[in-house]
Amino acid sequence: MVLPHSMPLVPLPLAARVGDGRMPVSEAVRVIGDPRPVEQLITAIAERTGIRLSRSDRNGDSAGTVISLTIDPDAAGPEGYTLTVGESVEIVGGDEAGLFYGTRTLLQLLRQDDEGWGFLHSEISDAPRFERRGVMLDVTRHFFTVAEVLKFIDATSALKFNHLHLHLTDDQGWRIQIDSWPKLTTSASQTAAGGDPGGFYSKAEYRTIVEYAAARHMIVIPEIDLPGHTHAIGVAYPELVEAPVLNDGLIAESARLGQPLPVQGEPYLGWGVGHSSVRIHDERTYGFVRDVVREIAELTPGPYIHIGGDESLGTPQADFDVFVERATAIVVEQGKIPIAWHEVGAAAGIAEGTIGQYWGKTTPEGTHAEEAAHFVERGGALIMSPADVAYLDMKYSDDFPLGLTWAGVVDVRRAYDWEPTAVLDVPEAAIIGVEAPLWSETTRTIGDVEQLVFPRAAAQAEIAWSPRDAPERTWESFRARLATLAPLWETARIDFHRAEEIPWTDR
Ligand code: TNX
């Protein structure tokens, strides 16, 4: 039997020895280092245990039991760290992010037994496999408040995710303030799927999210989905969009779900796709795109802007190609690197260096693999989000109350058992990492979101972070280690799904 606490770590570190002994936690333990990581760690330990450690500056007395936090680029690579728990705790980050990840590992080593709280003795040396480890939150089909997004950042950065992709615009609502086109928020933000209330982030609120994420070493990637998924733009500015194009799939699906069909200029409350498009042969459209991208770029310290590009089913291919070539060029002109869903790779002249996001299946269908490969030919790279394993909005089982099934039914094991470099026929180096998207058609509350995201996001975190060939990179090891996250998620009030596949522990 695998002892539940033999190594309570997810994602699996590069090299780790975790022993049976513990370093007891008490108010006498002092944390030494730079103010921000020290304060973050003290707060997290207090939330979990009720014990508030003291801080002392580096020049202070170093006698007694300490947790020391330092940075030394010679000790570990980017985002890497070393961690030792013995008489004291020493974490050395290769950089600030590495130090942060070392403290996230330490929080997983923090355990309660009959004698109280302690850190498990250990010796760890760690660094990520992929530079990109992302999650996506769709705040459009349903809107989530700033406080809810910050909680989501806490929970996902604890799994060492380093990018948060926000799907900010779609048919059901526009969620970000744009000063040059004010009706996007005064009018097109008010609704959500199923007639639920909408909402939007003011620029100040959006900056709060970006800064909170940055303090946890997460880069926010804003997505403005174009040229399709744009029905809401037409609620505010009818002159920018085409009349809805009703495809057979949309008509059948809407009838099955009892949802209304889109009507030009009126809010769309269903979740059918592929019916909307901006006007591709009207110069006003490009003025709009330029204004939006410029204002979003101003709000974005990170290097990327995502321009969508998925499911433009009613748009003729030649028009689609013209549009995405121009849209990717506008992102570059505003000083950012474009990211786009893989369909955009169909266009010959996308901006050089555009990053593609593959959301086809693990066995690619139709033209998906070719489209993805074209980003690499254009000097870009690929993020892997195969829908049949990495989509967090698929149901865990046929009878799970939340989620969709179009890409499959994805239990935790299925979410864990895939390899990012084995899906497409491109050089391994072109795969920069993994992103796990949560689409919010069926999630009306952040609790619903958490049910779908946790625990499966932990599987994607391990695929993105952990070495491919480590002996513990197995389903049996993962499920035993994953089980130990339950008390951490309980403390953080994360409404995770207690999947039956996992032998959950309570401390
Ligand atoms: C496909 S994935 C979509 C979204 C839906 C999602 C639901 C992608 C790029 N487009 O519009 O929300 O499926 O799983």
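Across the interface of domain 1 and domain 2, the rule finds 1 salt bridge. Here a salt bridge is a side-chain nitrogen of Lys or Arg within 4 Å of a carboxyl oxygen of Asp or Glu. The side chains of Arg133 and Glu79 meet in a salt bridge, with 2.9 Å from N to O. This is a predicted model: local features need pLDDT of at least 70, side-chain atom pairs count only at pLDDT 80 or more, and totals for chains, interfaces and linings use all residues. Residues are numbered from 1 along each chain as its sequence is written, and side-chain values use heavy atoms, leaving out hydrogens and water.

Now place the two domains. Domain 1 spans 15-126, and domain 2 spans 132-470 + 486-491; these bounds come from an automatic or database domain assignment. Their C-alpha centres lie 36 Å apart. The contact (heavy atoms within 4.5 Å) takes 16 residues from domain 1 and 14 residues from domain 2.

Next, the ligand. Which residues are closest to the ligand? They are Arg141, Tyr391, Asp393, Trp406 and Glu441, among the 13 residues that surround the ligand. A residue counts as near if one of its heavy atoms lies within 4 Å. The shell divides into 7 nonpolar, 1 polar and 5 charged residues. In this grouping, Ala, Val, Leu, Ile, Met, Phe, Trp, Tyr, Cys and Pro are nonpolar, Asp, Glu, Lys and Arg are charged, and the others, Gly among them, are polar.

Look at the side chains. A polar side-chain atom of Asp393 lies 2.6 Å from an oxygen atom of the ligand. For Trp406, a polar side-chain atom lies 2.7 Å from a ligand oxygen atom.

Key. Polar contact = N/O pair within 3.5 Å; in protein donor to acceptor, adjacent residues only side chain to side chain.
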